[in-house]
Amino acid sequence: FFSQFPLPMPSHASDVAATRNELKPWPVDEDVVEAMSAVDLYKIQATLAKHRQVEPAWKTSYAKFLDDSRVAHLEAGGYVFENLSVYMTLIQLLAPAVRSTTEPP
């Protein structure tokens with residue numbers, strides 16, 4: 001499905017390929033890699049960075065977990081899917097559902 005939209009590969013395509021290699025042996029389909037390579041993730045991340053806000057409520061609610069870098073990242077206003085490997089894993093998990101809605105039975 002994803003390969004129906006061929007686009008030029010932006011500069012982060014090598015980061016996408018490296019992330020796929022880091023995730024091995026987790027399987028990532030080729031069309032997922034192509035789709036991620038065709039989207040300008042740097043531009044998306046720059047847009048998110050403009051809207052980043054510290055979440056003060058995290059300190060009191062989750063202070064005991066702030067030693068975890070993922071929780072600290074969220075407390076600082078980060079987004080869950082900013083990590084390329086998390087983003088790739090989510091897309092891979094969602095790919096069968098996306099394909100089933102666009103491909104004939």
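How many salt bridges does the model contain, if a salt bridge is a side-chain nitrogen of Lys or Arg within 4 Å of a carboxyl oxygen of Asp or Glu? The count comes to 3. This is a predicted model in which local features need pLDDT of at least 70 and side-chain atom pairs count only at pLDDT 80 or more, while totals for chains, interfaces and linings use all residues. Residues are numbered from 1 along each chain as its sequence is written, and side-chain values use heavy atoms, leaving out hydrogens and water.

Begin by selecting helix α1, residues 13-23. Helices are DSSP runs of H or I with at least four residues, numbered from the N terminus. In α1, A13, V16, T19 and L23 are buried (under 20% relative accessible area; exposed means over 50%, and partly exposed lies in between, with a 1.4 Å probe and protein chains only). These four cover an arc of only 120° around the axis, which places them on the same side of α1; the arc is that of the directions from the helix axis to the C-beta atoms. On the other side, S14 and E22 are exposed.

Next, select R20 and E30, a salt bridge whose closest N and O atoms are 2.6 Å apart. The pair links R20 in helix α1 to E30 in helix α2 (residues 30-38), 10 residues apart.

Then select R99, which forms a salt bridge with D29 at 2.9 Å between the closest N and O atoms. R99 lies in helix α6 (residues 84-102) and D29 in the loop between α1 and α2, so the pair ties together parts 70 residues apart in sequence.

Shared partners join D29, D31 and R99 into one network.

How values were computed
Helices (H or I, at least four residues) and strands (E, at least two) are DSSP runs, numbered from the N terminus.
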